[in-house]
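Welcome! Please take a moment to look over the sequence and the fold below. Then we can walk through the helices and a few residues together.

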Amino acid sequence: MDEDTKRLIGIRLERCRDDLVTAQLLIREGKYRTAISRAYYAIFMIATAALATLGISRSKHSGVESAFGQYLVKPGLLEPKYHSVYIRAREWREDADYEPTVQFTEQDARTVLGQAEEFVARVERYLRENAAIEG
(Lines give C-alpha, C1' and ligand atoms only; values in the text may rest on other atoms or scores of the structure.)
Protein backbone atom coordinates (compact mmCIF):
# COMPACT_ATOMS: atom_id res chain seq x y z
CA MET A 1 0.00 0.00 0.00
CA ASP A 2 1.45 3.37 -0.96
CA GLU A 3 2.10 6.20 1.48
CA ASP A 4 -0.65 8.46 0.06
CA THR A 5 -3.24 5.76 0.71
CA LYS A 6 -1.93 5.23 4.26
CA ARG A 7 -2.08 8.98 4.87
CA LEU A 8 -5.68 9.11 3.60
CA ILE A 9 -6.62 6.17 5.82
CA GLY A 10 -5.03 7.94 8.80
CA ILE A 11 -7.03 11.10 8.13
CA ARG A 12 -10.27 9.14 7.84
CA LEU A 13 -9.51 7.24 11.03
CA GLU A 14 -8.86 10.50 12.87
CA ARG A 15 -12.16 11.93 11.63
CA CYS A 16 -13.91 8.69 12.62
CA ARG A 17 -12.57 8.89 16.16
CA ASP A 18 -13.51 12.58 16.36
CA ASP A 19 -17.06 11.72 15.27
CA LEU A 20 -17.34 9.10 18.04
CA VAL A 21 -16.20 11.59 20.68
CA THR A 22 -18.57 14.21 19.31
CA ALA A 23 -21.48 11.74 19.43
CA GLN A 24 -20.68 10.97 23.08
CA LEU A 25 -20.65 14.68 23.94
CA LEU A 26 -23.90 15.26 22.09
CA ILE A 27 -25.62 12.47 23.99
CA ARG A 28 -24.55 14.06 27.29
CA GLU A 29 -26.07 17.32 26.07
CA GLY A 30 -29.35 15.62 25.06
CA LYS A 31 -28.76 16.17 21.34
CA TYR A 32 -29.77 12.66 20.33
CA ARG A 33 -30.62 13.35 16.68
CA THR A 34 -27.25 14.91 15.96
CA ALA A 35 -25.44 12.25 18.01
CA ILE A 36 -26.96 9.55 15.79
CA SER A 37 -25.76 11.40 12.72
CA ARG A 38 -22.20 11.69 14.07
CA ALA A 39 -22.14 8.01 15.05
CA TYR A 40 -23.11 7.13 11.49
CA TYR A 41 -20.37 9.34 10.09
CA ALA A 42 -17.82 7.49 12.23
CA ILE A 43 -18.94 4.27 10.50
CA PHE A 44 -18.88 5.94 7.09
CA MET A 45 -15.37 7.33 7.59
CA ILE A 46 -13.81 4.06 8.71
CA ALA A 47 -15.67 2.13 6.00
CA THR A 48 -14.14 4.42 3.37
CA ALA A 49 -10.74 3.84 5.00
CA ALA A 50 -11.19 0.06 4.80
CA LEU A 51 -12.23 0.26 1.16
CA ALA A 52 -9.14 2.35 0.42
CA THR A 53 -6.99 -0.63 1.43
CA LEU A 54 -8.42 -2.36 -1.64
CA GLY A 55 -8.05 0.68 -3.88
CA ILE A 56 -11.81 1.26 -3.87
CA SER A 57 -13.42 4.69 -3.59
CA ARG A 58 -17.08 5.67 -3.85
CA SER A 59 -18.54 9.18 -3.81
CA LYS A 60 -22.06 8.44 -2.49
CA HIS A 61 -23.16 7.03 0.84
CA SER A 62 -25.12 4.26 -0.88
CA GLY A 63 -22.04 3.42 -2.95
CA VAL A 64 -19.84 3.09 0.12
CA GLU A 65 -22.44 0.92 1.83
CA SER A 66 -22.77 -1.33 -1.22
CA ALA A 67 -19.00 -1.58 -1.79
CA PHE A 68 -18.46 -2.37 1.90
CA GLY A 69 -20.76 -5.37 1.54
CA GLN A 70 -19.41 -6.45 -1.84
CA TYR A 71 -15.68 -6.11 -1.25
CA LEU A 72 -15.23 -6.55 2.50
CA VAL A 73 -18.11 -8.68 3.76
CA LYS A 74 -18.96 -10.96 0.83
CA PRO A 75 -15.37 -12.25 0.45
CA GLY A 76 -15.18 -12.86 4.20
CA LEU A 77 -12.76 -10.08 5.17
CA LEU A 78 -15.32 -8.78 7.69
CA GLU A 79 -18.30 -10.48 9.31
CA PRO A 80 -21.80 -9.96 7.82
CA LYS A 81 -23.14 -8.39 11.01
CA TYR A 82 -21.03 -5.29 10.30
CA HIS A 83 -22.77 -4.73 6.99
CA SER A 84 -26.10 -4.94 8.82
CA VAL A 85 -24.87 -2.41 11.39
CA TYR A 86 -23.77 -0.11 8.57
CA ILE A 87 -27.15 -0.34 6.81
CA ARG A 88 -29.12 0.31 10.00
CA ALA A 89 -26.92 3.24 11.05
CA ARG A 90 -27.40 4.85 7.64
CA GLU A 91 -31.18 4.44 7.94
CA TRP A 92 -31.13 6.06 11.38
CA ARG A 93 -28.90 8.87 10.13
CA GLU A 94 -31.24 9.56 7.23
CA ASP A 95 -34.19 9.74 9.62
CA ALA A 96 -32.19 11.97 11.97
CA ASP A 97 -31.14 14.33 9.18
CA TYR A 98 -34.19 14.38 6.93
CA GLU A 99 -37.33 13.32 8.84
CA PRO A 100 -38.45 16.26 10.98
CA THR A 101 -41.19 14.34 12.79
CA VAL A 102 -39.01 11.46 13.97
CA GLN A 103 -38.02 11.76 17.62
CA PHE A 104 -35.05 9.98 19.16
CA THR A 105 -34.43 8.96 22.75
CA GLU A 106 -31.24 8.75 24.70
CA GLN A 107 -31.45 4.96 24.41
CA ASP A 108 -31.74 5.22 20.62
CA ALA A 109 -28.62 7.37 20.46
CA ARG A 110 -26.70 5.13 22.85
CA THR A 111 -27.65 2.05 20.82
CA VAL A 112 -26.41 3.57 17.57
CA LEU A 113 -23.25 4.87 19.25
CA GLY A 114 -22.52 1.47 20.84
CA GLN A 115 -22.91 -0.26 17.49
CA ALA A 116 -20.70 2.37 15.85
CA GLU A 117 -18.00 1.86 18.47
CA GLU A 118 -18.07 -1.91 17.92
CA PHE A 119 -17.97 -1.41 14.14
CA VAL A 120 -15.02 0.97 14.41
CA ALA A 121 -13.10 -1.37 16.73
CA ARG A 122 -13.54 -4.27 14.31
CA VAL A 123 -12.57 -2.29 11.23
CA GLU A 124 -9.56 -0.80 13.05
CA ARG A 125 -8.44 -4.38 13.70
CA TYR A 126 -8.85 -5.11 9.98
CA LEU A 127 -6.75 -2.02 9.15
CA ARG A 128 -3.98 -3.10 11.54
CA GLU A 129 -4.00 -6.66 10.19
CA ASN A 130 -3.56 -5.27 6.68
CA ALA A 131 -0.75 -2.88 7.64
CA ALA A 132 -2.87 0.18 6.82
CA ILE A 133 -2.35 1.58 10.32
CA GLU A 134 0.14 0.84 13.08
CA GLY A 135 -0.49 -0.35 16.59
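## Where α1 meets α5

In this predicted model, helix α1 brings Ile9, Leu13, Cys16, Arg17, Leu20, Ala23, Gln24 and Ile27 to its contact with α5. On the α5 side, the partners are Glu106, Ala109, Arg110, Leu113, Ala116, Glu117, Val120, Glu124 and Leu127. Sorted by class, the residues of this contact are 11 nonpolar, one polar and five charged.

How are the two helices set against each other? The axes of α1 and α5 are 10 Å apart, and the packing angle is about 160°. An angle over 145 degrees counts as roughly antiparallel, so α1 is roughly antiparallel to α5. The crossing of α1 and α5 is left-handed.

## A closer look at Glu117

One of the α5 residues in that contact is Glu117. Its helix, α5, covers residues 106-129. Setting aside residues up to four places away in sequence, Glu117 touches Leu20 and Gln24, and both of these belong to the α1 side of the contact.

## Where α1 meets α2

Helix α1 (residues 3-28) also packs against α2. Here the axes come within 8 Å and cross at roughly 165°, and α1 and α2 are therefore roughly antiparallel to each other. Their crossing is left-handed.

Which residues make this contact? From α1 they include Thr5, Ile9, Arg12, Leu13, Cys16, Leu20, Ala23 and Ile27. From α2 they include Tyr32, Ala35, Arg38, Ala42, Met45, Ile46, Ala49 and Ala52. By class, the contact of α1 with α2 holds 16 nonpolar, four polar and four charged residues.

Helix α2 itself covers residues 32-52, and Ser37 is found there. With a relative accessibility of 6%, Ser37 counts as buried, because the limit for that class is under 20%. Leaving out residues up to four places away in sequence, Ser37 touches Arg93 and Asp97.

## Where α3 meets α4

Now turn to α3 and α4, whose axes come within 9 Å and cross at roughly 175°. These helices are therefore roughly antiparallel to each other. On the α3 side, the contact is made by His61, Ser62, Val64, Glu65, Phe68, Gly69 and Val73. On the α4 side, Pro80, Tyr82, His83, Tyr86, Ile87, Arg90 and Arg93 take part. These residues divide into seven nonpolar, four polar and three charged.

Ala67 also has its place in helix α3. At 2% relative accessibility, Ala67 counts as buried. Apart from neighbours within four places in sequence, Ala67 is in contact with Leu51, Ile56, Arg58 and Leu72. Val102 is 35 residues from Ala67 along the chain, and their C-alpha atoms are separated by 29 Å.

## The nonpolar core

In soluble globular proteins, nonpolar side chains tend to be buried together. In this model, the largest nonpolar core has 47 residues. Which of them touch the most other members? They are Ile46, Phe68, Tyr86, Phe119, Val123 and Leu127.

The elements that give two or more residues to this core are α1, α2, α3 (61-73), α4 (80-98) and α5. Of these, α2 gives the most, with 15 residues.

Not counting residues up to four places away in sequence, Tyr86 touches Tyr40, Ile43, Phe44, Ala47, His61, Val64, Glu65 and Phe119. Among these, Phe119 is listed with Tyr86 as one of the core residues that touch the most other members. His61, Val64 and Glu65 are also on the α3 side of the contact between α3 and α4.

## After α5

To finish, follow the chain to the segment after α5, where Ala131 has its place. What is the phi of Ala131? It is positive, about 55°, although Ala131 is not a glycine. Ala131 has 47% relative accessibility, so this residue counts as partly exposed.

How values were computed:
Residues are numbered from 1 along each chain as its sequence is written. This is a predicted model: local features need pLDDT of at least 70, side-chain atom pairs count only at pLDDT 80 or more; totals for chains, interfaces and linings use all residues. Side-chain values use heavy atoms; hydrogens and water are left out. Helices (H or I, at least four residues) and strands (E, at least two) are DSSP runs, numbered from the N terminus. Contact means heavy atoms within 4.5 Å. Buried means under 20% relative accessible area, exposed over 50%, partly exposed in between (1.4 Å probe, protein chains only). Axes are lines fitted to C-alpha atoms, for helices over the stretch in contact, and angles run from 0 to 180 degrees between N-to-C directions. Angles under 35 degrees count as roughly parallel, over 145 as roughly antiparallel, 65 to 115 as roughly perpendicular and the rest as oblique. A crossing is left-handed if the near helix is turned anticlockwise from the far one by less than a right angle, and right-handed if clockwise. Ala, Val, Leu, Ile, Met, Phe, Trp, Tyr, Cys and Pro count as nonpolar, Asp, Glu, Lys and Arg as charged, and the others, Gly among them, as polar. A nonpolar core is a set of buried Ala, Val, Leu, Ile, Met, Phe, Trp, Tyr and Cys residues joined through side-chain atoms within 4.5 Å.
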